[in-house]
Every structure is written in C-alpha cells, then in structure tokens.
Amino acid sequence: MTSFDSSPTLTAWRALLAVAVVFVMLATTGWTAVRHQQSAAPREIALAAWARDRIAGHSLPDTDAPAYRLAHFFATLTAGQQVALADKYPLVVGNLNGVPVTLRYRANRHALALATTAEQQRAHDVGLSPDGRHQALLRLERFRSLLAGDRQILAFDPSGRGHAAEVFGDLDRARRVSVVVPGVDTSLLTMERTGRKKNTAPVGMAQSLYAAERAVAGSRTAVIAWADYTAPAGIGMDAALGRLAAEGAVRLNSLVGSLPGTSSVSLFCHSYGSVLCGVAARELPSRVSDIAVAGSPGMRADSAAGLHTRARVWAMRDGDDWIEDVPNMAVGGLGHGADPVEPGFGARIVSASGAVGHSGYFEPGTTSLSNFAAIGVGAYDSVSCSSADHACHRDISGEPGA
C-alpha cells in the first residue's frame, strides 16, 4: 500500500505549492530586483592594459589562467617587480588567485584608496539624482571602512554591486581555514553591519567564527568572509534558480584551490550560500574536509551522497527559521531539492540551539556557533548532535584542534 507521504497526489500538491511560491515571488519582486549598477570601466580598462603589458621582456599571464600558473609567474618575479605590478594594476593583482596573499592585501588597499577618491568625487557630482548621491555616499562609507586599520582584504571589485573578501588570521601559517559563504543580498554594501545585526552579515559572521575557533584551538586558524560572488538580490527568481550558485561555485573552487600551504579547509554555507556549496561540492579540492550548512533551502542534490564529495556534510536549522516553510522541491530548474536536515538526506545533523531565526547562527554564546567552531578546527568530539541525529559523530574521531 502506498503511504500518504509518497503518494502521487501529495507530490502533485507539493509541486503546485512550489510553483505558487514562485509566482508570489514574481508578483512581489519581479524577475530581478532593481539594481543601481556602477560602471565597470576602471576594471575593464585595467584588464585591457594588463593584456598588452610586459615585464622584464615577458608578457603578463592571462588573468583567467589556473592559480598554479599565476603562482609560478609571480614566483619568478623579484619583490620589486611584484610590488610594481600590484601598484600599477591593483584591481587585477588584488583579485588573482595564486598571487601571494600579502601582495593581494597591498593591491586591494591601493584599489580601495583609488575607489574612495573616485566615489568621493562622484558623491559631489551635481548631476546625480538624490538616489544616486545616496548610493555614492553609502559606497564611500564602505570603502573607507574597508581601508580602516590593517584589514586584510583578499578580493575587491567595486564594479556593479561589488565583490569583496576579507581574511581574519594568518592564511600563510594557518593549519585550518574556514570560509564563510553567505546568501541572498550579499554585496559590497551589505557585507558588514554594525550594532545588533553585526553577526548577520558576512564580515560579522567571520569575525564571530574566528573568535570562537581561537577560543578552542589558539591562533593557528584563519577565517575568510567570502562576499566574492554575485548573490541573488532579494527573494526573486534568481534565488529560486541555480544559475548564480553555479557561477559562484566556480569562483569558490578557484579560491579554495589557490589557498597557500596545506591547511584543511571547512566551508560554512548560510542560506543561498548552501546552494552554492552544494553545486561546488563535486569539484572541491581534496583539502576541503567539511561542508556545514545552516538555514539551507537545499543543496541541489537528493542526498549527501549525491553531492559527490569526500568532505563531511553537516547541517543545522533553527526551530524559528522561516526557511523551513519553503518547499524543498526541484521542478523544471526551480527550487533547490531535498532538505539537508531531513534524516534521509544523510548529512550529520547538529544542534542549532540558541540561534535566532534565519540569520542568527553566528551569534556568540549559541550552540550553533560553538558547533561551527568545533567543526572548523577539527574538534569533532565537541560537536553537539541534534536530537534528530544522535549518530552525527559516526565514523569520525575528534582532533585536538589546530
């Protein structure tokens, strides 16, 4: 006898519900949210000039070359030549995987200084509309913030809604590296917040995770706030499809494959970021030991085994997270598939106790954050399983940290 849960009638109703959700999103947000795009001209000009330039009689490498080739090219340069390229082409060198990270930090500080000057001039342009001036002032504030102190900016591109990534800790010396992969509405303007919402933005998430990891394992860890992909803007069609996740997955895999040293890497993927991590999983470098998702709408796979990765897959969801009400369907490319916290998916289900709704998984003092930190440093015996999965420690042993 066919059970009600798997009956064709219920499946059809779920499909109709998924389609209805999509139409609601279309009615309220449109195919895409309105974006105030900025000109990409500075980066395009820099890339074109790079392609024509030479150093020490040799052509510069293609910017889309594999990271190992770029690393080899920069290794053949003197320190002076490296600095000269970083200062001449900051928007190029600062975003090249394979370039020494300290050189990328230097290049991106230079790029931010130039962007700050340009945005300051733009903010005083009398020809701008009030909304345009407001956007310019917001961008100016963000650029100044990223320039403050000795922040380690691993990637920076002010084009369009903007991309960036920031490092906490010493990437060159870290034994364990964690990458925070955020979700919808991630951009230059939203990558950090202040006040009570600080830990709901990528930079705050990473800072919180870094502090929690150091409390467990000392200083041999590093955390990357990775806002370096084009995320969906609003809960619209882009959020229901996998196109942006697929594009972001290529960028994520390139980053991970280019990280210095031999550190183990863990991915912490929130909301739509978990869709991206699911798409990236098949091609992830072997150094990725763990993929942990929180508030996931699905990973575009029917099961953890369907991700085709050797990395351990962990999942959590807070009881008050609205994502639970989003249908876990995949109909004609819409939706992201099975729920990772369902036991049948096969992920290791861990406690999210203390988390606050959809965006509160990185709050200090929560079990969700302490679980992330334990996973990030390899202290697996310290992970608190969910009541739905008492066996989340199966076939795994704890490590003393990194």
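Here are a few friendly notes on the strands of this model and how they pair.

1. A word on the basis: this is a predicted model, in which local features need pLDDT of at least 70 and side-chain atom pairs count only at pLDDT 80 or more, while totals for chains, interfaces and linings use all residues. Residues are numbered from 1 along each chain as its sequence is written, and side-chain values use heavy atoms, with hydrogens and water left out.

2. Let's start with strand β3, residues 152-157, where five of the six residues are buried (buried: under 20% relative accessible area, 1.4 Å probe, protein chains only). Strands here are DSSP runs of E with at least two residues, and helices are runs of H or I with at least four, numbered from the N terminus.

3. β3 pairs with strand β4 (residues 163-169) in the antiparallel sense, over five bridges (two strands pair if DSSP finds at least two bridges between them). A155 has A165 of β4 as its bridge partner. Five residues lie between the strands of this hairpin, and G160 takes a positive phi near 60° there.

4. Now to β7, residues 264-270: six of its seven residues are buried, so the strand is largely enclosed by the rest of the structure.

5. What does β7 pair with? Strand β5 (residues 176-181) runs parallel to β7 and is joined to it by six bridges, with R176 opposite S264. Strand β8 (residues 288-294) is also parallel to β7, again through six bridges, and here H270 stands opposite A294.

6. From β7 the chain passes through helix α11 (residues 272-280) to β8 in a right-handed β-α-β crossover; right-handed means that, with the strands pointing away from the viewer, the path from the first strand over the helix to the second runs clockwise.

Key. Buried < 20%, exposed > 50% of the residue type's maximum accessible area, 1.4 Å probe, protein only.
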